[in-house]
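Please look at the sequence and the model before reading on.

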Amino acid sequence: MKFEIITIFPEFFSSFFENGILRRALAEGLVTVEVHDLRAFTHDRHRTVDDRPFGGGEGMVLKPGPLAEALAALGIAPKVERHASNAAQAGPPQVVLLSAQGRPFTQAMARELATEERVVLICGRYEGVDERINQLYCDLELSIGDYVLSGGELAAAVVVDATMRLLPGVLGNEASGEFESFGVADAEIATAEDGVPRSQHGSGGLLDYPHFTRPAEFSSLRVPEPLLNGDHAGIRRWRREQQLRKTLANRPDLLAGAALNKEDQKILEAIRKETK
Ligand code: SAM
């Protein structure tokens, strides 16, 4: 998969590429990331990328000209042309505008983006990007949360990170992309063929359960007993209950869209009674 990022601060991304899973994925060629300096597509002495807003008001707006030129240099035509000429092919690149006004970026959306071959990310600055770039070129306007950042670079890094770790081969342990917060339900996870009982649940849209490592006792707090006795079924039950507890406590909004079976409903009822 290839990400191409258009930004006025290309240097922002250098340390991001040098660490952890992304560094390994880049080295192994599982993912490619290109960063393009928007100022390279200007033609004046000051390399101007912004201008005052029509209608007045605060701040500056990223001009459409340099952005359209940057996109053309990447071979990206306006979407009307792109979609028409690619109709019979695998699918056009996804052009994504990072914006506080966008659709919320979620794990489900990361899973969708991870199926694309190529994603182009446009980072706004100042008051944002001239809206005609969105209208003409962007397939998706994405927000990483209900707050305003000073630029799209941090948001682009979030999208690249959350998406690339879902690509096949990127995570050391293939399964860890499935058994985590906002993951898919058990039914969508291929069952182990070696017959070893699984001690994890697919979260089915819930939050993850808490994790513990050695030592078994720390600051007078012992690791919960069910995790210590090797009973896989018991561990699975305990972890499911914890997923439900955490979700109810921290993100009750997720419960409505979660894949819950009758057993889950019973556990939830019991937890709700306890906390009344
Ligand atoms: N005037 C815009 C508004 O009120 O929605 C805010 C512009 S913000 C200061 C500058 C740039 O940061 C945006 O163009 C966008 O690229 C990026 N940005 C800010 N908040 C974001 C968010 N929550 N998600 C994604 N990108 C964001």
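The text below covers domains, cores, salt bridges, the ligand site and some backbone features.

This is a predicted model, in which local features need pLDDT of at least 70 and side-chain atom pairs count only at pLDDT 80 or more, while totals for chains, interfaces and linings use all residues. Residues are numbered from 1 along each chain as its sequence is written, and side-chain values use heavy atoms, with hydrogens and water left out.

## Domains and cores

The chain is assigned domain 1 (2–174) and domain 2 (182–275). These bounds come from an automatic or database domain assignment. The C-alpha centres of domain 1 and domain 2 are 35 Å apart.

The largest nonpolar core contains 31 residues. A nonpolar core is a set of buried Ala, Val, Leu, Ile, Met, Phe, Trp, Tyr and Cys residues joined through side-chain atoms within 4.5 Å. Buried means under 20% relative accessible area, exposed over 50%, and partly exposed in between (1.4 Å probe, protein chains only). Phe-3, Leu-121, Leu-142, Val-160 and Met-164 have the most contacts inside the largest core. Elements giving two or more residues to this core include strand 1 (2–7), strand 5 (94–104), strand 6 (118–122) and helix 7 (152–164). Helix 7 gives the most, with seven residues. Helices (H or I, at least four residues) and strands (E, at least two) are DSSP runs, numbered from the N terminus.

Which residues does Met-164 touch, not counting those up to four places away in sequence? They are Phe-3, Ile-21, Leu-22, Ala-25, Val-31 and Val-170. Contact here means heavy atoms within 4.5 Å. A second, separate core has 19 residues, including Phe-41, Val-49, Leu-67 and Ile-76.

## Salt bridges

Side chains of opposite charge can pair when their charged atoms come close. The structure holds eleven salt bridges. Each is a side-chain nitrogen of Lys or Arg within 4 Å of a carboxyl oxygen of Asp or Glu.

Arg-118 pairs with Glu-4, with the closest N and O atoms 2.6 Å apart. This pair links distant parts of the chain: Arg-118 sits in strand 6 and Glu-4 in strand 1, 114 residues apart. Arg-118 is partly exposed at 21% relative accessible area. Glu-4 is buried at 2%.

Arg-245 and Glu-241 form another salt bridge, at 2.8 Å from N to O. Both belong to helix 8 (residues 232–250), and because they are four residues apart there, about one helical turn separates them. Arg-245 is partly exposed, at 25% relative accessibility. Glu-241 is partly exposed, at 25%. Glu-274 also bridges to Arg-245, its closest N and O atoms being 3.0 Å apart. Here the link runs between distant parts of the chain, from Glu-274 in helix 9 (residues 262–275) to Arg-245 in helix 8, 29 residues apart. Shared partners join Glu-241, Arg-245 and Glu-274 into one network.

## Ligand site

How many residues are around the ligand? There are 20, and Leu-98, Gln-101, Gly-124, Tyr-147 and Leu-149 come nearest. A residue counts as near if one of its heavy atoms lies within 4 Å of the molecule. The table gives polar contacts, which are pairs of N or O atoms within 3.5 Å; within protein, one must be able to donate a hydrogen and the other to accept it, and residues adjacent in sequence count only if both atoms are side-chain atoms.

| Residue | Polar atom of residue | Ligand atom | Distance |
|---|---|---|---|
| Ser-99 | backbone | nitrogen | 3.3 Å |
| Gln-101 | side chain | oxygen | 2.8 Å |
| Gly-124 | backbone | oxygen | 2.9 Å |

## Ser-14 and backbone features

Ser-14 lies in helix 1. It is partly exposed, with a relative accessible area of 38%. A polar atom of the Ser-14 side chain is 2.8 Å from the backbone oxygen of Glu-11. The C-alpha atoms of Ser-14 and Val-35 are separated by 9.4 Å, with the residues 21 apart along the chain.

Arg-214 and Pro-215 are joined by a cis peptide bond, with omega about 5°. Pro-215 is in the loop between helix 7 and strand 8 (217–218). Phe-182 is in the loop between helix 7 and strand 8. Its phi is positive, near 65°, in a residue other than glycine. Phe-182 is partly exposed, at 33% relative accessibility.

Ser-219 is not a glycine, yet has a positive phi of about 50°. Ser-219 lies in the loop between strand 8 and strand 9 (221–222). With a relative accessible area of 60%, Ser-219 is exposed.
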